[in-house]
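Here are some notes to go with the model. Have the viewer open while you read.

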Amino acid sequence: WGDDEAIIRLIRDIAHRQGFGNQLAEGALKTARELGVDDIAMQVKGVELPAYDPRSLWGMGLAYATASRGGCHLRSFTPGAELEGLGGGRYSPQGKAEFVYQDQNIRTTFEAAGQCFTATAAITPEFYARLLSAVTGFDFGEEDLYEIGERVYNLERLLAVREGYDDKSDTLPGRVFQEEIPSGPGEGYKLEKEAFKAMLKEYYQLRGWDEKGRPLPEKLEKLGLK
């Protein structure tokens, strides 16, 4: 790590599946398992984590853990809100479940409509509802966009439950809870396991899911999915 020439060689080896690159091309989780060191892979549901360290952005940790497709920052992106003091800041569980729940809903709608993730920073849900109404001829309000996203998210969750995913899958690599950040502004911090459990529990309640992360019948009925 830190050898830029070696990194370039590995990228080429991964692309051409040559040498150790052939193993790395299978992804971090599968590679770690092959090497007998499962816990070293920084991934959720088999998808490697992006740039934002959940040890210093606790809401981002919840977002990774509950993203339908695994460790992903596109379904909910918390850094801006956390750095501005959401729920007491980035080292607090307060307010994170509500933010992630709502953010996932609206961003899911944006994605379904083909909206660029970056552009969502400049387009409000209210304005986007006007755009969608103009394009489709239907009368969409801001709340409709949140409900559309919630319906999609619950459909995705039903598929995940069918394939065996549950609360045990909605977690983070052990290193996030065990290893403190070694240097920089977040030095000495890690994501506290009990704080994470509290956020996940609150998130399930907001979603209308049971303690195993399964959508409850009344939630599906309310969303017209039953």
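This is a predicted model: local features need pLDDT of at least 70, side-chain atom pairs count only at pLDDT 80 or more; totals for chains, interfaces and linings use all residues.

1. Residues are numbered from 1 along each chain as its sequence is written, and side-chain values use heavy atoms, with hydrogens and water left out.

2. Start with the largest nonpolar core, which has 26 residues. A nonpolar core here is a set of buried Ala, Val, Leu, Ile, Met, Phe, Trp, Tyr and Cys residues joined through side-chain atoms within 4.5 Å; buried means under 20% relative accessible area, exposed over 50%, and partly exposed in between, with a 1.4 Å probe and protein chains only. The members touching the most other members are Leu62, Tyr64, Leu172, Leu191, Phe196, Met199 and Tyr203. At least two residues of this core come from each of α4 (58-66), α6 (96-112), α9 (174-178) and α10 (193-207). Helices (H or I, at least four residues) and strands (E, at least two) are DSSP runs, numbered from the N terminus.

3. Leu172 is a handy one to click on. Setting aside residues up to four places away in sequence, Leu172 touches Val44, Gly61, Tyr64, Ala65, Phe177, Leu191 and Phe196; contact means heavy atoms within 4.5 Å. There is also a second, separate core of 8 residues, with Ile106, Ala129, Leu132 and Tyr146 among them.

4. How do α4 and α6 pack? Their axes lie 9 Å apart, at an angle of about 50 degrees. Axes are lines fitted to C-alpha atoms, for helices over the stretch in contact, and angles run from 0 to 180 degrees between N-to-C directions. That makes α4 oblique to α6: angles under 35 degrees count as roughly parallel, over 145 as roughly antiparallel, 65 to 115 as roughly perpendicular and the rest as oblique. On one side sit Gly59, Leu62, Ala63 and Thr66 of α4, meeting Lys96, Ala97, Val100 and Gln104 of α6. By class, that contact has 4 nonpolar, 3 polar and 1 charged residues. Ala, Val, Leu, Ile, Met, Phe, Trp, Tyr, Cys and Pro count as nonpolar, Asp, Glu, Lys and Arg as charged, and the others, Gly among them, as polar.

5. From α6 the contact uses Lys96, Ala97, Glu98, Val100, Tyr101, Gln104 and Asn105, and from α10 Met199, Glu202, Tyr203, Leu206 and Arg207. The class tally for α6 with α10 is 6 nonpolar, 2 polar and 4 charged residues.

6. Is Arg107 buried or exposed? Arg107, found in helix α6, is buried, with a relative accessible area of 13%. Apart from neighbours within four places in sequence, Arg107 is in contact with Leu74, Arg75, Ser76, Phe77, Phe117 and Thr120.

7. Met60, in helix α4, counts as buried at 0% relative accessibility. The C-alpha atoms of Met60 and Phe77 are separated by 6.7 Å, with the two 17 residues apart along the chain. Tyr52 is in the loop between β2 (47-48) and α4 and is partly exposed, with a relative accessible area of 28%. Beyond neighbours within four places in sequence, the contacts of Tyr52 include Met60, Tyr64 and Phe77.
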